[in-house]
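The sequence and the structure are shown first.

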Amino acid sequence: MKVLGLYSLAPANGKLLSFPPGPQVLSILSSAELNLAPSEQPPTNGTTVADVKLRDSNNGPLGYLIPRQGELRLDGVAPLTLAMLHPGTLLSIGARRWFVTTQWQPEPSPAPAELAERKCPVCGGELKLAPVVQCTCGRYYHLEKPDAAASEPVLNCFLAGACGLCNRPPSLEPVLTPEPPEKLMDVVSGEW
Ligand SMILES: [Zn+2]
Ligand SMILES: [Zn+2]
């Protein structure tokens, strides 16, 4: 499962502000942090930056944004009256910058109906036999009980080894895709 969010680059705080479902108001608080709140309950100690709404697409979640603040930039450009927040976009307000990215969380869920009969690449069984997880590359694996002991008879195919498609080692840690360009930011702000 992937969630869309904003990752603070300058200053970096290592946290993802994820978009909840439903219309949200994006504000900048007096602490200079960004905040998301339901449209009907904007924070009292912040300045409204934009209205945002999440939408699911085949390629994962997308955000729509209606700018409400003159300093807001997307990839360095003042956004149009309705702009898209897709992963990889750089959002800035003055000198502060955020990176739009998705956080992938390896949470087991029932196999999507259209994939129920597809075979698991590890055990060869149909995906519907157990809960599944989707690798960041898109491939599905059985993941019945991530915290099961090694002796338990569960279908934890995802944890059996590196992904056969993208070679990613199995891990249950959340992953940001795309990765925030922190190294690039260091290069740009430091020595050339
Ligand atoms: Zn399997
Ligand atoms: Zn993979």
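The model is predicted: local features need pLDDT of at least 70, side-chain atom pairs count only at pLDDT 80 or more, and totals for chains, interfaces and linings use all residues. Residues are numbered from 1 along each chain as its sequence is written, while chains are lettered from A and ligands numbered from 1 in the order in which they are written.

**Overall make-up**

The protein chain contains 1 helix and 13 strands. Here helices (H or I, at least four residues) and strands (E, at least two) are DSSP runs, numbered from the N terminus. Along the sequence the pattern reads β-β-β-β-β-β-β-β-β-β-β-β-β-α. The C-alpha trace spans about 55 × 45 × 30 Å along its principal axes.

Of the 192 residues in the protein chain, 23% are buried; a residue is buried if 20 or more other C-beta atoms lie within 10 Å of its own, exposed if 12 or fewer, and partly exposed in between, with C-beta atoms placed from the backbone. Among contacts between residues at least 6 apart in sequence, 40% join residues at least 24 apart, a contact being two residues whose C-beta atoms, placed from the backbone, lie within 7 Å.

**Strand pairing**

Two strands pair if DSSP finds at least two bridges between them. Strand β1 (residues 2–10) and strand β2 (residues 12–18) pair in the antiparallel sense over 4 bridges, and a hairpin joins β1 to β2 through 1 residue. Within this pairing, Leu6 has Leu17 in β2 as its bridge partner.

An open sheet is formed by 5 strands in the order β4-β3-β5-β6-β8, with antiparallel pairing. Its edge strands, each pairing on one side only, are β4 (34–38) and β8 (83–85). Strand β6 (residues 60–67) and β8 pair in the antiparallel sense over 3 bridges, and Leu65 stands opposite Ala83 in β8.

**A loop residue**

Thr44 is placed in the loop between β4 and β5 (46–57). Thr44 counts as exposed because it has 7 C-beta neighbours inside 10 Å. From C-alpha to C-alpha, Thr44 and Ile93 are 19 Å apart in space, and they are 49 residues apart in sequence.
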